[in-house]
Amino acid sequence: ELAGNQLQQVDLVTLNQPGAGLINWFDGVERLILVDTLLSPEPAPAFLCIDPDALAAGTSRLSSHGQQLRETLALATTLNCLPARTEIYAVALPDVDPENLNPATVQAAHALAQHLAARIKSAGHPAPQGEQPENNGQ
């Protein structure tokens, strides 16, 4: 869904647990949108928007990669290379079995892809009113 809606100034990159290597992709990036998963055994909204500052401060839920994303963003901040416009989205996973995603997880991933495709099409516009960190996707 996202790949079909790319604009010239948008790079869609898929990385599998890149750790600190993620920072290599920040060079020259004005706006960074990270998509991750979040371990959540209880029912969760379609997707979450996680505040990067809350993640760095340890007040937000962790991604499925535990401390890795938090530490990577902290390092990028220390190195002064974290793009000023950084957004983090997460799809909740009830368990850690990427080979057998449940239908709700697949539906949540599609909802997030549609949301991000709409955001990319209207690049440069602020987040819609009512979309706040830790809020669920529609």
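## A strand residue and the basis of the model

L39 is partly exposed, with a relative accessible area of 39%; this class lies between buried, under 20%, and exposed, over 50% (1.4 Å probe, protein chains only). L39 belongs to strand β1, residues 31–39. Its C-alpha atom is separated by 9.5 Å from that of A90, which is 51 residues away along the chain.

The model is predicted: local features need pLDDT of at least 70 and side-chain atom pairs count only at pLDDT 80 or more, while totals for chains, interfaces and linings use all residues. Residues are numbered from 1 along each chain as its sequence is written, and side-chain values use heavy atoms, with hydrogens and water left out.

## Overall architecture

The protein chain has three helices and three strands, arranged along the sequence as β-β-α-α-β-α. Helices (H or I, at least four residues) and strands (E, at least two) are DSSP runs, numbered from the N terminus.

Of the 138 residues, 33% count as buried. Among contacts (heavy atoms within 4.5 Å) with a separation of 6 or more, 75% are between residues 24 or more positions apart. The chain exposes about 8,500 Å², of which carbon and sulfur atoms supply 52%; such areas come from the Shrake-Rupley method with a 1.4 Å probe, and for residues only the protein chains shown count as cover.

## Nonpolar cores

In soluble globular proteins, nonpolar side chains tend to be buried together. A nonpolar core is here a set of buried Ala, Val, Leu, Ile, Met, Phe, Trp, Tyr and Cys residues joined through side-chain atoms within 4.5 Å.

The largest nonpolar core has 14 residues, of which F26, L34, L55, L69, L73 and I88 touch the most other members. At least two residues of this core come from each of β1, β2 (48–50), α2 (67–78) and β3 (85–93). Another core lies apart from it and has eight residues, including F47, C49, V91 and A108.

## A buried arginine

R119 is located in helix α3, residues 103–121. R119 is buried, with a relative accessible area of 6%. The side chains of R119 and E87 are joined by a polar contact of 3.2 Å; such a contact is a pair of N or O atoms within 3.5 Å, and within protein one must be able to donate a hydrogen and the other to accept it, with residues adjacent in sequence counting only if both atoms are side-chain atoms.
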